[in-house]
Amino acid sequence: MYPWLTQPLAQLTRLIVDQQLGHALLLKGIDGLGKRELAQHLAKALLCQHTGVDINATASVPCGHCHSCQLVAAGSHSDLHLISTDQRSISVDTIRQLTQILSESAQLGQGKVAVIEQAEKMTEAAANALLKTLEEPAGQSSIVLVSSQPERLLPTIHSRCQPWLIPVPDSAQVLHWLAEQGVATDNAATNITALNVNQGSPLNTRHYLAEGVDQRRRELLQQCAQLRREPQLLNTVQTGLLAQPVHIVWLQLLLQDALQLSLGLSTAQLRLADSEAVCRDMSELGTAKLTHMLDELMQWRRRLQPTVGRPVNAGLQLTQWLTHLT
Ligand SMILES: [Zn+2]
């Protein structure tokens, strides 16, 4: 298990062993913290045949060698149900099937466990179909909802779940872990920037550093800053920014840092710690213009939220916005 999850895992396992864990748990926290792995580990602990046998044995739950633990490890436990999708939403039919399965008796006698990843993807009808089961689960069933955007869940879902926030780990701990993973660079400013760009998420930062995304971020932001002098870069910048939603976050950080410099604040707090020159270049736009651009960008970003769907004229809106820079 990841080092920053050791403590939440121990606390949650203690609750399971003491039978204090609610039958509906909502694990929340930003992307890239390992919530999925944690939920699966909890599911294994809930189903382990040794859970409840020795109430002092938190460290050995799940035991890893009982029949149930072996079936979970093999991905073939008939009482464990995982809802996970790459689609935009989790449908009402999927949830109805799940609630039907949960209402049947468990085959191994330890109750049934359902894990719903990216629970915020449930449609309103799907969420409503889950309410009754969350309130009155059949038998010993437990439901673990996992979400990095819990604000998108209905209040009625929140009120029926025991909330558990996985905090963003301390940056020193993550930087140490990234070094152990062999992805940290020799440049401290680069590592800190990578972490900031990924909102402190260890797994996303590891991916970002390992896949050379850092290089792409530098290029793209450099081009944004050059746009004033080289307007012919407009298409390149627009295509680059629209390629991934996270690229807009990069741009936002650039503007925030530039604004900070234009206000004469310390460079010690720059989020793009390794890109002071680009931030300084951008800061020449002046405080008023940067504030206005940042405001517009934030509004535009909100409209690009996945629930609403990317507007068909996203490219056009971005082009209009980018003309501030040309
Ligand atoms: Zn076991």
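Which residues does Gln256 touch, not counting residues up to four places away in sequence? Arg271 and Leu294 are the ones, where contact means heavy atoms within 4.5 Å.

## What you're looking at

This is a predicted model, so local features need pLDDT of at least 70 and side-chain atom pairs count only at pLDDT 80 or more, while totals for chains, interfaces and linings use all residues. Residues are numbered from 1 along each chain as its sequence is written, and side-chain values use heavy atoms, with hydrogens and water left out.

The chain holds 15 helices and 5 strands. Both kinds of element are DSSP runs numbered from the N terminus: helices are H or I with at least four residues, strands are E with at least two. Along its principal axes, the C-alpha trace spans about 70 × 45 × 30 Å. Of the 326 residues, 47% are buried; buried means under 20% relative accessible area, exposed means over 50%, and partly exposed is in between (1.4 Å probe, protein chains only). Among contacts with a separation of 6 or more, 74% come from residues 24 or more positions apart.

The chain splits into domain 1 (3–165) and domain 2 (212–322), with bounds that come from an automatic or database domain assignment. Taken over C-alpha atoms, the centres of domain 1 and domain 2 are 39 Å apart.

The largest nonpolar core has 71 residues, and Leu12, Leu27, Leu241, Leu254, Trp321 and Leu322 touch the most other members. A nonpolar core here is a set of buried Ala, Val, Leu, Ile, Met, Phe, Trp, Tyr and Cys residues joined through side-chain atoms within 4.5 Å. Helix H12 (residues 245–262) gives this core its largest share, 9 residues. Domain 1 (3–165) and domain 2 (212–322) each supply at least three residues to this core. Another core, of 22 residues, lies apart from it and includes Ala126, Leu134, Ile143 and Cys161.

## The zinc site

What holds the zinc ion? Cys48 (SG), Cys63 (SG), Cys66 (SG) and Cys69 (SG) coordinate the zinc ion at 2.3 to 2.4 Å. Donors are N, O and S atoms within 2.8 Å of the metal (3.2 Å for Na, K and Ca), and water is not among the atoms, so sites may look incomplete. In sequence, the donor residues follow the spacing C-x14-C-x2-C-x2-C.

Why is the arrangement tetrahedral? Because the 4 donor atoms around the zinc ion subtend angles of 104 to 118°, and four donors count as tetrahedral if all angles lie between 85 and 135 degrees. For reference, the ideal angle for four tetrahedral donors is 109.5 degrees.

His81 sits in strand S2 (residues 80–83) and is buried, with a relative accessible area of 16%. A polar atom of the His81 side chain lies 3.3 Å from the backbone oxygen of Ser78. Leaving aside neighbours within four places in sequence, His81 is in contact with Leu98, Ile101, Lys112, Val113, Ala114 and Val115.

Ile90 lies in the loop between S2 and helix H4 (92–103), and at 2% relative accessibility Ile90 counts as buried. Not counting residues up to four places away, Ile90 touches residues including Ile83, Ile116, Met122 and Ala126. Back to Gln256: this residue lies in helix H12 and is buried, with a relative accessible area of 18%.

## Out in the open

Two glutamines have backbone angles to look at. Gln19, in the loop between helix H1 (6–17) and strand S1 (24–28), has a positive phi of about 55° although it is not a glycine. Gln19 counts as exposed at 68% relative accessibility. Gln199, placed in the loop between helix H8 (188–197) and helix H9 (202–210), has a positive phi near 50°. Gln199 is partly exposed, with a relative accessible area of 48%.

Is Ala277 buried or exposed? At 62% relative accessibility, Ala277 counts as exposed. Ala277 is part of helix H13 (residues 276–283), and its C-alpha atom is 9.9 Å from that of Ala225, 52 residues apart along the chain.

Key:
Four donors count as tetrahedral if all angles lie between 85 and 135 degrees; four count as square planar and six as octahedral if opposite donors are over 155 degrees apart and all others between 65 and 115; anything else is irregular. A polar contact is a pair of N or O atoms within 3.5 Å; within protein, one must be able to donate a hydrogen and the other to accept it, and residues adjacent in sequence count only if both atoms are side-chain atoms.
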